[in-house]
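Keep the model open as you read.

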Amino acid sequence: FAGLADVSISEDIPVEGEITVPVGSRSPDEDYSTLDEPVKDTILRDLKAVGKKFVHVMYPKKSSALLRDWDLWGPLVLCVSLALMLQGGSADSKDDGGPQFAEVFVIIWFGAVVITLNSKLLGGTISFFQSLCVLGYCVLPLTVAMLVCRLVLLAGSGTISFIIRLIVVAAMFGWSTLASTAFLADSQPPNRKALVVYPISLFYFVISWMILTFTPQ
Amino acid sequence: IASPVMYLLAEFDDAANLLAANPDATTISIDEPVEIPKNQHSRRQETGREEDDELLGTDDSDKTELLAGQKKSAPFWTFEYYQTFFDVDTYQVLDRIKGSVFPVPGKNFVRLYIRSNPDLYGPFWICATLVFTIAVSGNLSNFFIHLGKPTYRYVPEFRKVSIAATTIYAYAWLVPLALWGFLMWRNSKVMNIVSYSFLEIVCVYGYSLFVYIPTAILWIIPQKIVRWVLMVFSLCLSGSVLVMTFWPAVRDDNRRIALATVVTIVLLHALLAVGCL
């Protein structure tokens, strides 16, 4: 290798730079990495987010939390519990019974998708999953109504219980529609608001009808 | 063809009259120059020309087809293409519904309301509402018929919803498809027939179904006479909208075929009414 001794770096090309590896930049990363935290923390954080959204639905104010951090856990839990509670309806024959689990599930999710598509096609500025999130969360009052109806039906199924159920379901239907309208109406063009609100009220009306006509075995 | 200037003046006169009658009315400002000839068509029928032109607008139908084609320029795989089918405001939808419930003899529904802008919002949501209305009111009427009988227990017949949905959506989409195909075929044989685009036919059928919604609600009343009267009345109303729309399209054709077409339209509509109610 004698020839290598003659190799020299030309002085025209400046060589600059740092060779040291930076050490001190780990601390900002620790805040974003949730891989090392205990599982309880992760679950509790998500549960708290879902619970906060439930509170937002029950007291609808113009908050952007529901829209900004959308998640579909709440709608899934509500839909499954509503469909489970609607089971066990009376059926003399296969054709006359109430809606089955799959029918409730499909109506809620397919209905929410269709309404979201409708509002987007009419020129809404809300994103697809945000709208699904709001529509799913606003089923909460109707799930509460279903719970109350089942409790009332345990006590008896005469005319008085029907009137109580009717009042409760009607009130919760109004609450759901108002809550979802409060969140969704702002994102629509102003002269099409009624065109967007009507399918939402139809959707909740169908769910209310399923709840009201539930008769136990 | 008379000069376009005359029609522009007539259009301004009519607009001024309408505004004078109702100063609070919202007016549409027309941006594109392309839109003006289309509005001339709907204005022309209000200047008192004979009934033929009111219903036909023959020599402008070609132009209108071209102009309508220019509007939807987005390719069909983009979202914007489908947004053009929902380009309606609340008052437009309400106007179209009013036009379907109170058919004015001599005014063609398509020309008056839709020629500029067929939409899919009306047909889709009117059909959805009709499906649920029929299911709910069918259930309720069963309940009232059997009320008081000790052996009756209320059952929510949820299966009705799926049957009603299939029937109504099939009617609202397949029959316009068949009718459109038939009209296209006849159009190739007899040249001067007014041609409607597929969307316009779907629109007319969708909006004509609207009158069945209050009928279905009133169907809860268990009296047979009331039901029959209601059904015949609603059939006449919505059938007349359809007949007035499609009569100009087929009347230039062979007499028998024209009659057969119109009778088939009315018959299918009646079948739907009887079957669903």
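**A helix pair in chain B**

α9(B) passes α10(B) in a right-handed crossing; right-handed means that the near helix is turned clockwise from the far one by less than a right angle, left-handed anticlockwise. Helices here are DSSP runs (H or I, at least four residues) and strands are E runs of at least two, numbered from the N terminus.

This is a predicted model, where local features need pLDDT of at least 70, side-chain atom pairs count only at pLDDT 80 or more, and totals for chains, interfaces and linings use all residues. Residues are numbered from 1 along each chain as its sequence is written, chains are lettered from A and ligands numbered from 1 in the order in which they are written, and side-chain values use heavy atoms, with hydrogens and water left out.

The axes of α9 (residues 159-189) and α10 (residues 198-208) of chain B come within 9 Å and cross at roughly 135 degrees. Axes are lines fitted to C-alpha atoms, for helices over the stretch in contact, and angles run from 0 to 180 degrees between N-to-C directions. α9(B) and α10(B) are therefore oblique to each other: under 35 degrees is roughly parallel, over 145 roughly antiparallel, 65 to 115 roughly perpendicular, and the rest oblique.

**Chain A**

Chain A has nine helices and zero strands. Of its 217 residues, 40% count as buried (under 20% relative accessible area; exposed is over 50%, partly exposed in between; 1.4 Å probe, protein chains only). In α2(A), the buried residues include Val50(A), Lys53(A) and Val57(A).
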